[in-house]
Amino acid sequence: MTDKKIIAVIGATGAQGGGLARAILADPEGPFSVRAITRGAGSERARRLAEAGAEVVEADLEDEASLHKAFDGAYGAFVVTNFWEHGSARIEIAQAAAAAAALEAAGVQHVIWSTLEDTRDQLPVGSDRYPALDGYTVPHFDAKAEANALFEQRGVPTTFLQTSFNWENFAVGLGVTRGEDGRLVFTLPMGERRLAGIAAEDVGRTALGIFARGEEYIGATVSIAGEHLTGEQFADAFADAFGEPVDYRPLTHDQFRALPIPGAAEFGNMFQYYYEAEKDFVGARDLDFVRSLNPRLQTFRAWLDIHEEQLRPA
């Protein structure tokens, strides 16, 4: 038997949840144990977590009954949804509703909900400056923000963890490319403004720091980032890592929305929000405070050292 408090982690085989699961497992003398919740207990990632000491439980955000079993007996829970698996705000909200209901029923004492700002506060639906997308401006932001109320209405003791741009996006179509002239090019529709970003691993590590504070942040909104950088600063970091110059070529938001890449309209609206709300979005993310929760918080350059080969263009 153990007197450790169980933290049930949705998405434990993914990026954010995986970061939390690994952080708990890396501290065997700490107060928590990890219950890794996954749809595929037989996957390689799930097996690796089990070998490292995690309890692996199979459950699905679209099956509320399975969540009741997964949360039973847990002290805390980390809940994250993946909009990009289905591309539907309606499904994302339904998944959050199922999680909130199961958490209430299980009496979980501390929940961290991975959420984001509602972009409609800055970019209202109906403007002719950007397209509306299924009644939202940036659905993968707005649906999460809308779902905050589901946890509040059920009285679930929740910390609302507002994340920021994941640097891992630079590995899936938003990174450095090589132009026809052979020069490396970094495009980002941010002009000279700063983009708040973070390594996905650090979202999980910071969540552990919040759990470690006990009830201090229950009911609070905690906004996090690893660094705030301009496009030029990102390009300089890439150049330093790759050992050759990288040109920063900012696009307009309309130019970005017109790119032949999946999700271009949604990402274009997202960057327009980052651009127009820069002062508030960056200002809400105090890096010294985040580092107090997560002393291992990575800078972009440190993260890039780990992922340089994956991001280096041919």
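In the predicted model, three strands are arranged as an open sheet in the order 8-9-13, with mixed pairing. Strand 8 (176-178) and strand 13 (246-248) are the edge strands, each of them pairing on one side only, and the twist from one strand to the next averages 35 degrees. Strand 9, which comprises residues 184-186, runs parallel to strand 13 and is joined to strand 13 by three bridges; within this part of the sheet, Phe186 stands opposite Tyr248 of strand 13. Helix 7, formed by residues 231-242, lies across strand 8, strand 9 and strand 13, and its direction makes an angle of about 170 degrees with that of strand 13.

Helix 3 is followed by Gly73, a residue with a positive phi, near 80 degrees.

Two packed helices are described by the angle between their axes and by the distance between those axes. For helix 5 (residues 139-153) and helix 9 (residues 264-276), the packing angle is about 70 degrees and the axes are 9 Å apart. Because angles of 65 to 115 degrees count as roughly perpendicular, helix 5 is assigned as roughly perpendicular to helix 9. On the side of helix 5, the contact is made by Pro139, His140 and Phe141, while helix 9 contributes Glu266, Met270, Tyr273 and Tyr274. By residue class, the contact of helix 5 with helix 9 divides into five nonpolar residues, one polar residue and one charged residue.

Finally, Pro295 is placed in the loop between helix 11 (287-293) and helix 12 (300-311). The relative accessibility of Pro295 is 67%, and this residue therefore counts as exposed, the cut-off for that class being over 50%. Although Pro295 and Gly209 are 86 residues apart along the chain, their C-alpha atoms are separated by 9.0 Å.

Definitions and conventions:
Residues are numbered from 1 along each chain as its sequence is written. This is a predicted model: local features need pLDDT of at least 70, side-chain atom pairs count only at pLDDT 80 or more; totals for chains, interfaces and linings use all residues. Side-chain values use heavy atoms; hydrogens and water are left out. Two strands pair if DSSP finds at least two bridges between them. Helices (H or I, at least four residues) and strands (E, at least two) are DSSP runs, numbered from the N terminus. Axes are lines fitted to C-alpha atoms, for helices over the stretch in contact, and angles run from 0 to 180 degrees between N-to-C directions. Contact means heavy atoms within 4.5 Å. Angles under 35 degrees count as roughly parallel, over 145 as roughly antiparallel, 65 to 115 as roughly perpendicular and the rest as oblique. Ala, Val, Leu, Ile, Met, Phe, Trp, Tyr, Cys and Pro count as nonpolar, Asp, Glu, Lys and Arg as charged, and the others, Gly among them, as polar. Buried means under 20% relative accessible area, exposed over 50%, partly exposed in between (1.4 Å probe, protein chains only).
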